[in-house]
Amino acid sequence: MKKYSIGIDLGGTKILTALVNKQNGNVDYFVKKKIKKEKGPESVTGKMLDSINEVLSETDTDLNEISSIGVAAAGQIDRGNGIIIGAPNLECFDLNLRRIIQSEFDVPFFLSNDVEAAAIGEMKFGAAKGVDDFVCVFVGTGVGSCIVKNGKVIRGATGTAGEIGHIIVDLNGRPCACGANGCLEAYASRSAIEKRIEGALKKGRHSVILDYLQEGKNITSGMIRKSIEREDELVTHCVDEASAYLSGGLASIINFINPKLIILGGGLIEAVDYFYQKTIKDAKLKSLPVPALKIEFKKAALGDFSGVTGAAYLDEI
Ligand SMILES: [Zn+2]
């Protein structure tokens, strides 16, 4: 077996490229580059190629030592052909990443979505190590999930299984980016919480989060944590509301799939323990009694490296 793989996490605002040691899953070296969607797909792929070259040259690694290059991308993908079908956050549509990467690096190339790669990373070296039956749920701009059964990712007929963010929790509810109304992610995502807080502030509600907020800057998970620690009424209310919806979504997963373990990840889960604890407690209470007996919850353990680690092992899944 070759010693290394290159794992790349292509997010909405950055590309994280890592040299991953295949024996132990360690990230031996990484490069992070910011991307701007206004600059278009050529800028994204250019920075990706530069990052791979940088990782190889800085670590003195020969391409012969690389077993694969794997990319985890936020968006709709065609795994078989290595194409990003649509990543609106990046303005990338019908982007043939395999052709672009392999025109410069002659090694096997694999593409997956971001939550799937994170789940693979967690299964290999993180919170799901030794567990072959679990669901990963990541809370961020949206709410994404990945179902693993017998150590295999369940992808569904069109490769889109796991879209827990788009289960409908209110028939006449808030509009969702997908075009439907009342999807879970319109209530339980970090973006949903931010919108609720911002909306209330615009109406003149007071909150201690104003002490941290800078003009033109977004609300961060850290600001939410500090506001909750100061028992801020508005922020606590918005987080409680999101938690109520998320726990309902998790109860639906528990009842429908009956997993042994649910792993929760994303910046808000990592930063705001109050949100995590409240959500898992309520999810158990809302589930049917029998599947609730066996369910276990854990926080994702690999942090920022879960995507690159999983992407480095796409050749083994
Ligand atoms: Zn939706």
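Mentor: This is a predicted model. Start with the buried residues of helix H1. They are Val-44, Thr-45, Lys-47, Met-48, Ser-51, Ile-52 and Val-55. These residues cover an arc of only 160° around the axis, which puts them on the same side of H1. An α-helix has 3.6 residues a turn, so residues three or four places apart point the same way.

Check the length next. H1 covers residues 40–58. At 1.5 Å a residue, its 19 residues should span 27 Å, and the end C-alpha atoms are 27 Å apart, so the two agree. Just past H1 comes Asp-60, with a positive phi of about 55°.

What lies over the buried residues? The cover includes strands S1 (4–10), S2 (14–21), S3 (27–34), S4 (66–73) and S7 (92–96), along with helix H2 (97–104). Take several of these in turn.

S2 is itself mostly covered, with six of its eight residues buried. S2 pairs with S1 in the antiparallel sense, through seven bridges. In that pairing, Ile-8 stands opposite Thr-17 of S2. The link from S1 to S2 is a hairpin of three residues.

S2 also pairs with S3. That pairing is antiparallel, over seven bridges. Here Ile-15 is opposite Lys-33 of S3. S2 and S3 form a hairpin too, with five residues between them. Gly-25 sits in that turn and has a positive phi of about 75°. As background, strands of a sheet pair through backbone hydrogen bonds, either parallel or antiparallel.

S7 brings in a further sheet. This one is open and has three strands, in the order S5-S6-S7, with antiparallel pairing. S5 (76–78) and S7 are at its edges; each has a single partner strand, so one side of each is left without a neighbour in the sheet. On average, neighbouring strands of this sheet are turned by 10° against each other, direction ignored. S6 (residues 83–87) meets S7 over four bridges, in the antiparallel sense. Within that pair, Gly-86 has Phe-93 of S7 as its bridge partner.

H2 is among the elements covering the buried residues of H1. H2 also lies across S6 and S7, and runs at about 45° to S7.

For contrast, look at another helix, H5 (residues 190–202). Its 13 residues should span 18 Å at 1.5 Å a residue, and its end C-alpha atoms are 18 Å apart, which agrees. Arg-190, Ala-192, Ile-193 and Ile-197 are buried in H5. Their cover includes strand S9 and helices H4 (185–188), H6 (221–229), H7 and H8 (267–271). After H5 comes Gly-204, whose phi is positive, near 95°.

Five strands form an open, mixed sheet in the order S11-S10-S9-S12-S13. Its edge strands are S11 (152–153) and S13 (296–299), each pairing on one side only. S9 (residues 134–139) pairs with S12 (residues 261–265) in the parallel sense, over five bridges. Val-137 is opposite Leu-264 of S12. H7 (residues 233–257) lies across S9, S10 and S12, at about 165° to S9.

Notes: Residues numbered from 1 in each chain as written. Predicted model: local features only at pLDDT ≥ 70, side-chain atom pairs only at ≥ 80, totals over all residues. Pairing = 2+ DSSP bridges. Helix = DSSP H or I, 4+ residues; strand = E, 2+ residues; numbered from the N terminus. Contact = placed C-beta atoms within 7 Å. Axes fitted to C-alpha atoms, helices over the stretch in contact; angles between N-to-C directions. Expected span 1.5 Å × (residues − 1). Buried ≥ 20, exposed ≤ 12 C-beta atoms within 10 Å, placed from the backbone. Arc of directions from axis to C-beta.
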